[in-house]
Amino acid sequence: MAETLMFNALREATDEEMARDNTVFVLGEDVGHYGGSYKVTKDLYKKYGELRVLDTPIAENSFCGLAVGAALTGLRPIIEGMNMGFLLLAFNQIANNAGMLRYTSGGNFKIPMVIRGPGGVGRQLGAEHSQRLEAYFHAVPGLKIVACSTAYNAKGLLKAAIRDDNPVLFFEHVLLYNLKEDLPEEEYIVPLDKAEIVRPGKDVTILTYSRMRHHCTQAAKTLVKEGYDPEIIDLISLKPFDMETISASVKKTHRVIVVEECMKTGGIGAELVALINDQLFDELDAPVLRLSSQDIPTPYNGMLERLTIVQPEQIIEAVQKMMASRI
Amino acid sequence: MVAERTLPKFDTSSVKITKEEGLMLYEDMVLGRFFEDKCAEMYYRGKMFGFVHLYNGQEAVSTGVIRAMRRDEDFVSSTYRDHVHALSAGVSAREVMAELFGKETGCSKGRGGSMHMFSSQHNLLGGYAFVAEGIPVATGAAFQSKYRKDALGDKSADQVTACFFGDGASNNGQFFECLNMAALWKLPIIYVVENNKWAIGMAHERATSQPEIFKKATVFNMAGHEVDGMDVLAVRGVAQEAIARARAGEGPTLIEALTYRFRGHSLADPDELRSQEEKEFWAARDPIKRLAADLAKRNLATAAELKAIDDKVKAIVEDAVEFAESSPEPNPGELYRYVFAGD
């Protein structure tokens with residue numbers, strides 16, 4: 001076991017996969033000489049050369065399209081979005097080409113590529129660097145969407161994403177890069193499509209992902225002291241959802257709270273609520289509750305920013321209220 | 001009518017072609033022309049739907065470039081006006097027509113349609129329907145060739161990519177971004193601008209501060225050429241030079257082919273803005289008639305030989321229609337197939 005920071009876990013995953021398969025390469029802004037904005041690719045260019053760790057000009061739309069072309073012709077690109085928000089500039093290439101092209105081509109081509117990088121709301125980074133993008137991409141056919149949340153799952157999921165033959169949008173969280181964890185010495189893979197039961201419980205199912213997982217576990221400490229027994233599920237896969245795990249939990253607890261960092265309107269939670277209502281309505285003892293961030297651009301002011309995203313005390317309060325109305 | 005640009009002088013007598021090559025070029029262009037004429041007929045008969053953009057008039061560009069490349073080894077990317085590029089790249093008339101009919105036997109299994117022709121077998125990277133979006137994808141294919149050669153040490157990786165797009169696309173950011181990257185990394189790619197003067201209803205001169213697109217290559221330190229896009233031998237000559245440069249690892253070329261579409265933007269376009277005078281000016285420069293005359297002048301083909309090719313191509317196109325009509329619809333049970341790899 002070796003204590004590893006999350007950004008290094010991601011670096012290890014990249015390094016191991018590049019060593020394993022010489023068609024894997026990284027491209028993006030400052031991934032080479034600079035080592036990546038969060039040092040996920042630090043010094044990899046020294047080991048693999050400048051073509052396999054390709055510093056690109058600031059041209060998001062075009063280098064994402066370039067990656068699609070490389071993937072169509074047999075390479076396995078990993079795009080690092082210096083900030084995932086910058087990829088809004090490449091929305092067309094990600095949606096029309098990475099996402100849809102396999103289908104539109106009638107299966108002529110596959111697009112094995114990973115689009116990864118820091119997303120989420122950081123600390124007073126301002127609206128454009130504090131995006132909640134996952135919902136923007138959620139409707140795009142053909143994309144898999146994954147959010148890592150610990151050093152352990154970051155490494156195993158990134159390796160799985162690189163080996164997947166589909167385009168995978170891989171969200172890291174800007175505030176989680178320095179999480180520490182003992183990682184196994186031996187190689188391991190974490191499947192892309194499996195949710196993780198973070199804390200088993202019987203009272204209420206809390207569905208969450210990315211940084212909000214840690215808000216939920218923090219809230220759970222208080223809740224457990226107060227006698228509640230919440231089940232916390234880290235969705236991991238935002239598309240497709242692991243409905244098997246979700247369903248098993250809902251059938252046990254009959255209560256669901258979604259805790260998400262993305263905006264409420266058209267969010268990940270909105271889709272989850274709809275699916276749970278479609279598939280598990282009879283199992284519910286209460287309407288599914290959504291704790292989402294506010295439908296506003298992320299404000300710079302620290303107090304306003306805190307009000308914009310969900311805080312642990314809101315999760316505690318939500319569980320208390322839901323359990324109080326127990327039938 | 002806007003004053004026409006002075007055509008670049010290119011002495012086609014310097015382009016050496018054999019009889020076989022001359023007839024191949026002729027057949028390729030005639031196939032493009034007859035195929036598109038048949039598409040118009042089928043569209044008006046309700047056999048195909050949606051936006052159908054025909055290539056009539058521009059055949060010398062597709063044939064001149066693609067038939068100078070290595071079929072099934074080199075890569076081709078196209079736009080929404082992609083039927084003829086697909087044919088030149090080796091996709092059968094049957095498969096292209098069946099795609100237009102939306103049939104399972106189409107080159108994109110009926111999922112793509114007129115603007116999305118793909119063939120992995122023939123390294124056709126696709127018809128890209130959003131203007132300029134194919135430019136980065138083609139640039140990626142060229143990057144892949146360089147990667148295999150330089151990062152993986154595969155000496156046989158000398159494939160060249162031809163990337164086709166129109167004058168309208170040359171005002172899009174992806175054009176400039178990709179020219180920069182391709183020149184920076186000396187990628188083996190040829191950017192072929194088919195300047196047909198009109199982006200639907202937007203005249204090139206009204207949209208473009210520097211209408212001579214080939215000149216934009218110089219600011220990226222790359223080779224740029226203009227060529228008479230109605231003269232297949234001139235296009236072939238310029239393309240051969242660019243392909244050789246790309247294959248030798250000497251980097252990309254921007255080719256601006258001055259051409260014209262003989263029909264509206266699409267079959268849904270009333271085509272009200274282009275003057276009769278302009279249309280006649282360009283119709284008189286029909287590239288197929290031009291090649292027929294050149295072949296006769298070089299004593300490479302008789303009228304009877306060309307007629308035989310016309311007849312052969314007509315039969316190919318008729319066969320393609322019959323094939324498309326008699327082909328099955330996609331299986332409704334496979335609606336979700338091809339969303340993800342492995343399905």
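The model is predicted, so local features need pLDDT of at least 70 and side-chain atom pairs pLDDT 80 or more, whereas totals for chains, interfaces and linings use all residues. Residues are numbered from 1 along each chain as written, chains are lettered from A in the order written, and side-chain values use heavy atoms, without hydrogens or water.

**Helix H11 of chain B**
- The 24 residues of H11(B), 303-326, should span 34 Å at 1.5 Å a residue, and the end C-alpha atoms agree at 35 Å apart (expected span: 1.5 Å times one less than the number of residues; helices: DSSP runs of H or I, at least four residues).
- Buried residues (under 20% relative accessible area, 1.4 Å probe, protein chains only) of H11(B) include B:Leu306, B:Asp310 and B:Val317.
- Among the elements covering them (contact: heavy atoms within 4.5 Å) are H1 (19-44), H4 (93-100) and H10 (287-297) of chain B.

**Helix H10 of chain B**
- The buried residues of H10(B) are B:Pro287, B:Ile288, B:Leu291, B:Ala292, B:Asp294 and B:Leu295.
- They lie on the same side of H10(B), because their arc around the axis is only 165 degrees (taken from the directions from the axis to the C-beta atoms).
- These buried residues pack against H1, H2 (59-66), H8 (232-247) and H11 of chain B.
- B:Lys289 and B:Lys297, on the other side of H10(B), are exposed (over 50% relative accessible area).

**Helix H11 of chain A**
- A:Met303 lies in H11 of chain A, residues 302-308.
- A:Met303 is exposed, at 52% relative accessible area.

Terms used
Helix = DSSP H or I, 4+ residues; strand = E, 2+ residues; numbered from the N terminus.
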